[in-house]
Amino acid sequence: MTKGSNIVHQVFNVGVGKHTSLNQVIQVYEQIINRELQIIHKAERVGDIKHSYADITQLRRLGYQPHYDITTGLKLYWESLTD
């Protein structure tokens, strides 16, 4: 963060700055664990979020840059669960 920046009581999205679908996340996990997951699709529910994106513009203004892409981040997360 930049020195002297006024970031008290602000909310920041943290992400990689790209849209990633749930299907893409599932595909990445399948690659990481080297097996196909059994996915059960159900009817859409009222209030379901169709598109979600973490806008990291505010953090970029403070000098934030993502260090990992979604694949690397999920792989490191998986390894932390299985170690």
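I shall discuss a tyrosine, the salt bridges and an asparagine in turn. Please bear in mind throughout that this is a predicted model.

I begin with Tyr 64, which sits in the loop joining helix 2 to helix 3, the latter spanning residues 70–82. Which residues does Tyr 64 touch, leaving aside those up to four places away in sequence? They are Val 14, Gly 15, Ile 56 and Leu 59. Val 14 lies 50 residues from Tyr 64 along the chain, yet their C-alpha atoms are 9.3 Å apart. With Gly 15 there is a polar approach: a polar atom of the Tyr 64 side chain lies 3.2 Å from the backbone oxygen of Gly 15.

Next, the charged pairs. How many salt bridges does a search of the whole structure find? The search finds two. In one, the side chains of Lys 50 and Glu 44 meet at 3.6 Å, N to O; both Lys 50 and Glu 44 are exposed. In the other, Asp 48 pairs with Arg 45, with 3.3 Å between the closest N and O atoms. Here Arg 45 is exposed, at 59% relative accessible area, whereas Asp 48, at 32% relative accessibility, is partly exposed.

Finally, I turn to Asn 34, located in the loop between helix 1 (22–33) and helix 2 (57–61). Its phi is near 60 degrees, a positive value in a residue other than glycine. Most residues other than glycine have a negative phi. Asn 34 is also exposed, with 69% relative accessibility.

Technical notes: Residues numbered from 1 in each chain as written. Predicted model: local features only at pLDDT ≥ 70, side-chain atom pairs only at ≥ 80, totals over all residues. Heavy atoms only, no water. Helix = DSSP H or I, 4+ residues; strand = E, 2+ residues; numbered from the N terminus. Buried < 20%, exposed > 50% of the residue type's maximum accessible area, 1.4 Å probe, protein only. Salt bridge = Lys/Arg side-chain N within 4 Å of Asp/Glu carboxyl O. Contact = heavy atoms within 4.5 Å. Polar contact = N/O pair within 3.5 Å; in protein donor to acceptor, adjacent residues only side chain to side chain.
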